Amino acid sequence: MSDKPSVLFVCVHNAGRSQMAAGWLRHLAGDTVEVRSAGSAPAETVNPAAVEAMREVGIDITDQTPKLLEYATAESSDVIVTMGCGDACPVFPGKRYEDWKLDDPAGKGLETVRPIRDDIRDRVQQLLGELVPGGADRA
């Protein structure tokens, strides 16, 4: 791993879970971690309920757009986190892989998305604490 670890969050549409995870990590890690997100079949836009749920905690993800998962992005990432959606992701020796079992916020209301957002926050805090000294204390 380089001095600045890179984390790639992957879900199918790159519109909800992976965008919220990337938003949390950017917010909590600042410039200590390179944050990426992508999907195997990206949506046109980020899920509005995910945008609103993140806005409630002071994180703006309105400038994000779903991106296609590319081989080179996965290859150059230190940690690859899939979002429990059975996504096929290239496997490279020496990479750290995690699969987070999370409900899909697609088509769900804010009341359902909030607990998903909070679960993602907790997982991102734990991951950050493992990647960056003192990272878990940034919340």
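V79 belongs to strand β3, residues 79-82, and β3 pairs with β4 in the parallel sense over four bridges. Pairing here means that DSSP finds at least two bridges between two strands. Helices (H or I, at least four residues) and strands (E, at least two) are DSSP runs, numbered from the N terminus.

Quick note on the source: this is a predicted model, where local features need pLDDT of at least 70, side-chain atom pairs count only at pLDDT 80 or more, and totals for chains, interfaces and linings use all residues. Residues are numbered from 1 along each chain as its sequence is written, and side-chain values use heavy atoms, with hydrogens and water left out.

Now, the whole sheet. It's open, with four strands in the order β2-β1-β3-β4, and the pairing is parallel. β2 (34-38) and β4 (96-99) each have a single partner strand, so one side of each has no neighbour in the sheet.

What about the helices? Helix α1, residues 17-29, packs on the sheet and touches β1 (6-10) and β2, its direction making about 175° with that of β2. Contact means heavy atoms within 4.5 Å. Angles run from 0 to 180 degrees between N-to-C directions, with axes fitted to C-alpha atoms, for helices over the stretch in contact. Helix α4, residues 110-131, lies across β1, β3 and β4, at about 165° to β4.

Last stop: Q64, in the loop between α2 (48-56) and α3 (71-75). Is Q64 buried or exposed? Buried, with a relative accessible area of 16%; the cut-off for buried is under 20%, with exposed over 50% and partly exposed in between (1.4 Å probe, protein chains only). Leaving out residues up to four places away in sequence, Q64 touches Q19, R26 and V46.
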